[in-house]
Amino acid sequence: MKITGIEVRRVAMPLVTPFRTSYGTETERDVLLLRVVTPEAEGWGECVAMSDPLYSPEYVDAAADVLRRFLIPALPARADVHGVGRALQPFKGHRMAKAALESAVLDAWLRASGQSLASFLGATADRVPAGVSIGIMNSVPELLDTVAGYLDEGYVRIKLKIEPGWDLAAVRAVRERFGDDLLLQVDANAAYTLTDAPHLARLDPFGLLLIEQPLAHDDIVQHAQLAKRIATPICLDESIESAADAAAAISLGACSVINVKPGRVGGYLEARRIHDLCRAHGVAVWCGGMLETGVGRAANVALAALPGFTLPGDLSASRRYYTTDITPPFELSDGHLDVPGGPGIGVEPIPGVLREVTTSTEWITR
């Protein structure tokens with residue numbers, strides 16, 4: 001497939017409400033989109049890097065720079081999706097930028113052949129259960145009202161962001177209000193240390209699905225030690241940047257669940273490798289979210305339709321984060337999202353909406 005050019009586009013997407021985690025508070029997403037143009041079709045990819053290097057070392061300005069200076073020029077004149085990975089492999093890190101480029105090429109390649117991303121990846125479901133991630137709130141009553149609202153909308157699983165000082169009371173209040181049948185999990189975003197193990201063990205009686213990334217991203221060994229000291233299943237997120245990382249974590253007993261975020265691991269092909277590895281070892285996986293627009297959300301929903309994704313993911317409806325999405329919105333139906341069945345990711349940006357939110361564009365000729 002010959003690539004004639006690539007558009008690098010920045011868009012500003014205000015969030016419906018501020019989203020607070022232990023890393024900080026987001027009120028707007030500065031999103032980097034890529035449009036790969038070929039004679040046969042165009043493809044879209046979304047970079048999930050944040051504005052600041054808080055979740056990972058990557059951030060939007062750096063992603064745009066490495067794409068412009070190194071990754072896009074490294075693509076061969078003719079490339080299939082597998083060739084993209086080989087061409088980008090010499091460059092260290094920058095997995096989110098690589099994932100965006102690979103995704104855009106993959107989308108164009110699949111559109112040209114008329115195949116959906118879900119079919120290409122090996123999906124077995126035509127809809128996936130949707131969970132919702134709830135940021136740190138100002139008060140417990142505000143949290144309970146928020147949870148009630150999302151349950152009324154039909155979400156089948158609730159995830160609470162936690163940090164020291166906002167954990168036990170919040171979880172206890174949600175359990176007492178909504179009962180033991182609620183699928184409930186927590187996400188620490190690496191806010192604790194191993195010395196907090198006795199405190200984290202106090203979450204055990206609440207029957208959580210999992211505690212996500214309680215310790216630092218480079219503490220796989222200490223996660224294994226923590227797993228021996230608490231009963232709540234440990235899920236790794238930031239620690240897993242590749243299938244090799246997943247294999248190491250599994251062999252050490254550092255986790256029994258893995259959150260697969262395609263942008264964090266370098267793309268949907270690596271995400272599928274992690275899925276296959278975990279499925280072979282009996283480790284549960286679910287698809288995480290990075291406040292994606294409809295472009296990234298469509299691809300995530302396709303990934304989450306693979307058979308090993310047995311837990312509901314952070315695959316909320318578009319309106320959870322954006323009043324107006326750049327694609328036709330994803331709508332919740334009976335607690336599920338439909339898997340796009342059209343060629344490629346199955347959706348495209350709406351031109352008028354895209355123009356309104358665009359802050360800059362750059363065309364790179366191949």
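1. How many salt bridges does a search of the whole structure find? The search finds 23 salt bridges, a salt bridge being a side-chain nitrogen of Lys or Arg within 4 Å of a carboxyl oxygen of Asp or Glu. The model is a predicted one, in which local features need pLDDT of at least 70 and side-chain atom pairs count only at pLDDT 80 or more, while totals for chains, interfaces and linings use all residues. Residues are numbered from 1 along each chain as its sequence is written, and side-chain values use heavy atoms, with hydrogens and water left out.

2. One of these salt bridges pairs Asp30 with Arg10, whose closest N and O atoms are 2.7 Å apart. Asp30 belongs to strand S2 (residues 24-37) and Arg10 to strand S1, so the pair ties together parts that lie 20 residues apart in sequence; strands (E, at least two residues) and helices (H or I, at least four) are DSSP runs, numbered from the N terminus. Arg10 counts as buried, at 15% relative accessibility, where buried means under 20% relative accessible area, exposed over 50%, and partly exposed in between (1.4 Å probe, protein chains only).

3. A second example is the salt bridge in which the side chains of Glu362 and Arg68 meet, at 2.8 Å from N to O. Because Glu362 lies in strand S13 (residues 358-365) and Arg68 in helix H1 (residues 60-74), this pair ties together parts that are 294 residues apart in sequence. Glu362 is partly exposed at 27% relative accessibility, and Arg68 is partly exposed with a relative accessible area of 34%.

4. Within helix H3, Asp107 and Arg111 lie 4 residues apart, about one turn of the helix, and their side chains meet in a salt bridge of 3.0 Å, N to O. Asp107 counts as buried at 1% relative accessibility, and Arg111 counts as buried at 18%. Elsewhere, salt bridges that share partners join Arg157, Lys159, Lys161, Asp187, Glu212 and Asp314 into one network.

5. The largest pocket is lined by 20 residues, of which Gly85, Gln89, Lys98, Gly266 and Glu270 lie nearest its centre. A pocket here is an open set of points on a 1 Å grid over the protein atoms alone, where a 1.4 Å probe fits, with protein on both sides within 12 Å along at least five of seven lines, and lining residues have an atom within 4 Å of a point. Helix H2 (81-88), helix H3 (95-113) and helix H11 (268-281) each supply at least two residues of this lining, and H2 gives the most, with 6 residues.
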